[in-house]
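Work through the exercises below with the sequence and structure at hand. Try each task before reading its solution.

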Amino acid sequence: MIELHEARVASAPGAAPVRVDNVVKVYGHAGNAVPALDRVSLSIGRGEFVCLLGASGCGKSTLLNLLAGLDRPTQGSVAVDGRTSLLFQEAALFPWLTARGNVELALKLRGIGRRERRTRASDLLGLVNLAEFDRKRPHELSGGMRQRVALARALAQDADVLLMDEPFGALDAMTRDLLHDELERLWQETALTVVFVTHNVREAVRLGDRVVLLSSRPGRVAAEFPVDLPRPRRIEDHAVADLAASITTRLREEVARHGDA
Amino acid sequence: MATLDLRERSLRTELAGLDALESMVAPRPSLHSRVWSAVWPKCLAAGIAVLLWQIVVWSHFRPDYVIPGPAKVFPRLYDDFGTIMDAVGITMWRAVQGFALAILIGTAVGALVAHNRVLRSGFGSLVTGLMTMPSVAWVPLAIGIFQLSDATIRFVVVIGAAPSIANGLISGIDNIQPVIRRAGRVLGAHGWSAFRHVTLPAALPAFVGGLKQGWAFAWRSLLAAELIALIPGKLGIGQLMENDRQFTDYTGVICIMIVILIIGIVVDEAIFGNANRWIRRRYGLIDDAAGA
């Protein structure tokens, strides 16, 4: 982890806690190099909820990996103040541990003592409304419940920036709606900065303070849309639908460019 | 503020409702009925096997001092029970020692080979090659090295079992889902803590499968070694059987064959089979509803 921290640039107080500056990421070498990100710049404020939206090949996951410190940019710089935590589309819970065990392991890896682990894990599972499921194993839980345990586990890392990679993509619509409410509530209760990747336009508008549209192959920032709608929102709100419609139009233009070539 | 509370309360209720609907699990059948359904097919199979044996005896295919029937063997088994159990004690002690050593060596080799690219290309196929080599082929050399001692037998058991154990661990580590490894890295597990908290538990089901297979190899190797390496004063069941054969006492031979078969089955099923099922159920690899 040490080398990963070195790659991040410490910032002056007051600056945005997440800064992506002219980042280029290329996979492979000279002959068959594949550019994933091309001069992406992005600045995310403390406590902001930003949704990254794009079609396939826009480098969403690449960008999250860079922010999480799992990878380094080819050019440019990525600066994140504080700890990050990453949530995947699959809950990626450890099947040999109970819901509680999963959360406690995250605490243990941070060096927190046994007694405090127990109380903190109980609090966190309560926060995602799964207190009474703490002794269940992942395979005994539904997809939505697993994703909430994963959320509790991510919160156990006490991260300042929560990175989410299409976390609700595999869930049914009803569960997803409820988890949107749940995530919005958690975000409002904490001081978390959230970077949420999705290809679902309505979801992006439902959740984000700002929607960043990425173009594909290579990924670039195509447009940004501030979402000045009052919270709590609902996915079926007219205002959400209207804004989503105009963003969708823009997204389709981006996708259509690849059809011409 | 009141509306927010109300909203939060209704969210909690809705979530709890969805959770309750989605986490209904069919109850597992009672212990009694599970034991019964596991035991009766085995009893039936044993009955059929004894019947076939009796039919062979009735056919007078060989004189009945060479193939004695169940009516002669079972009373003899009862009479000699003490002697046989003493030999079983010696043999099982060798089995436990050899198998424990095989676990230590197999696990260490497996962990190293799985983690090191050079070791893997060098030793990976050697481990598999060792598995295909009958371990009884090591007995003459082992006698040369360790003379006629328990060490000879332990050596052959380790050579027989360790490759399976190592292979189980290697394939377990190879088959860990990438997302599980990534989750471990994101949570800050590195080096030893990643091995201890992520790699090892994730590989456990395959590792236990390797132990089960390793036991089967260990038990074969042990008996083969005992039949060849007759250690004076320490009569295991292999040696007991060889003695009976030299006195053309085939009733005694068959008694011991039955004991060998029963020990093999009991250890395989009761210990490794159950451990395997228990772990696979915990990991969600068995679907109770599908009846697997």
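**Exercise 1. The contact between the chains**

Task: In this predicted model, find how many residues of chain A are in contact with chain B, and describe the side of chain A that touches chain B.

Solution. 
Step 1. Count the residues on each side: 31 residues of chain A are in contact with 29 residues of chain B.
Step 2. Find the elements of chain A that give two or more residues to this side. They are strand E5 (84-87), helix H3 (99-108), helix H5 (143-156) and helix H6 (173-189).
Step 3. Pick out the element that gives the most: this is H6(A), with 5 residues.

**Exercise 2. The domains of chain A**

Task: State the domain assignment of chain A and describe how domain 1 of chain A touches domain 2 of chain A.

Solution. 
Step 1. Read the bounds. Domain 1 is made of 2-83 + 159-260, and domain 2 of 94-158.
Step 2. Take the centres of the two domains of chain A over C-alpha atoms; 26 Å separate them.
Step 3. Count the contacts: 11 residues of domain 1 of chain A are in contact with 8 residues of domain 2 of chain A.
Step 4. Look at the side of domain 1 that touches domain 2. Its largest share, 4 residues, comes from H6(A).
Step 5. Divide the residues of that side by class: 8 are nonpolar, 1 is polar and 2 are charged.

**Exercise 3. Two helices of chain B**

Task: Are helix H9 and helix H11 of chain B roughly parallel or roughly antiparallel to each other?

Solution. 
Step 1. Recall that two packed helices are described by the angle between their axes and the distance between the axes.
Step 2. Helix H9 (residues 191-228) and helix H11 (residues 250-282) of chain B pack at an angle of about 170°, and their axes are 9 Å apart.
Step 3. An angle over 145 degrees counts as roughly antiparallel, so H9(B) and H11(B) are roughly antiparallel to each other.
Step 4. Locate the contact. H9(B) contributes residues including Leu204(B), Trp215(B) and Trp219(B), while those from H11(B) include Ile260(B), Phe272(B) and Arg280(B).
Step 5. By class, this contact of H9(B) with H11(B) has 13 nonpolar, 3 polar and 3 charged residues.

**Exercise 4. Confidence**

Task: Where in chain B is confidence lowest, and where is it highest?

Solution. 
Step 1. Start with chain B as a whole: its mean pLDDT is 87, and 95% of its residues reach 70 or more.
Step 2. Confidence in chain B is lowest in helix H1 (residues 2-22), at a mean of 75, and highest in helix H4 (residues 81-115), at 93.
Step 3. For the model, note the scores ipTM 0.80 and pTM 0.80.

Key. Residues numbered from 1 in each chain as written. Chains lettered and ligands numbered in written order. Predicted model: local features only at pLDDT ≥ 70, side-chain atom pairs only at ≥ 80, totals over all residues. Contact = placed C-beta atoms within 7 Å. pLDDT = per-residue confidence, 0-100. Domains from an automatic or database assignment. Nonpolar A, V, L, I, M, F, W, Y, C, P; charged D, E, K, R; others polar. Axes fitted to C-alpha atoms, helices over the stretch in contact; angles between N-to-C directions. Parallel < 35°, antiparallel > 145°, perpendicular 65-115°, else oblique.
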